Amino acid sequence: MTAVVYMPTTEKGIEELKRRTAQAHAKCVEYNLNKLNCPRKQKTEIIEYIKH
């Protein structure tokens, strides 16, 4: 897969790119956590580990 990203030139554009990137990353983490076959408590521990 090829992705073309045009870097923003304004501060507002840079902040929007950061926000969207973080949102995409969070969705990937959520998707992969949901695929794990482990208790909810363990998934919560994984999330806490990632946050810190």
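Lys and Arg count as positive, Asp and Glu as negative; His and the chain ends are not counted.

The model is predicted: local features need pLDDT of at least 70, side-chain atom pairs count only at pLDDT 80 or more, and totals for chains, interfaces and linings use all residues. Residues are numbered from 1 along each chain as its sequence is written, and side-chain values use heavy atoms, with hydrogens and water left out.

## Overall form

The protein has 2 helices and 0 strands. Its radius of gyration is 15 Å, well over the 10 Å that the globule rule gives for 52 residues, so the protein is more spread out than a compact globule. The radius is taken over C-alpha atoms, and the globule rule is 2.2 Å times the number of residues to the power 0.38. Along the principal axes, the C-alpha atoms fill a box of roughly 45 × 25 × 10 Å.

Helix 1 covers residues 11–35. Helix 2 covers residues 40–51.

## Surface

Of the 52 residues, 6% count as buried. Buried means under 20% relative accessible area, exposed means over 50%, and partly exposed lies in between (1.4 Å probe, protein chains only). The protein exposes about 5200 Å², and carbon and sulfur atoms supply 59% of that area. Accessible areas come from the Shrake-Rupley method with a 1.4 Å probe; for residues, only the protein chains shown count as cover.

Side chains of opposite charge can pair when their charged atoms come close. A salt bridge here is a side-chain nitrogen of Lys or Arg within 4 Å of a carboxyl oxygen of Asp or Glu. By this rule the count comes to 5.

K18 pairs with E15 at 3.6 Å, N to O. The two residues are 3 apart in helix 1, so about one helical turn separates them. E15 is partly exposed because its relative accessible area is 40%. E16 pairs with R19, and their closest N and O atoms are 2.7 Å apart. Both lie in helix 1, 3 residues apart, about one turn of the helix. E16 has a relative accessible area of 29%, so E16 is partly exposed. R19 is at 45%, and therefore also counts as partly exposed.

K51 forms a salt bridge with E48, with the closest N and O atoms 3.3 Å apart. Both sit in helix 2, 3 residues apart, about one turn of the helix. K51 counts as exposed because its relative accessibility is 57%. E48 is at 36%, so E48 counts as partly exposed. Elsewhere, salt bridges that share partners join E16, R19 and R20 into one network.

## A buried lysine

K43 lies in helix 2. K43 is buried yet has no salt bridge. The nearest side chain of opposite charge is E30, 10 Å away. Leaving aside neighbours within four places in sequence, K43 is in contact with L33, N34, L36 and C38. Contact means heavy atoms within 4.5 Å.

N32 is in helix 1. Its relative accessibility is 41%, so N32 counts as partly exposed. N32 and A3 are 29 residues apart in sequence and 21 Å apart in space, C-alpha to C-alpha.

Q42 is in helix 2. Q42 counts as partly exposed because its relative accessibility is 39%. Q42 and A22 are 20 residues apart in sequence; their C-alpha atoms are 23 Å apart in space.

Notes. Helices (H or I, at least four residues) and strands (E, at least two) are DSSP runs, numbered from the N terminus.
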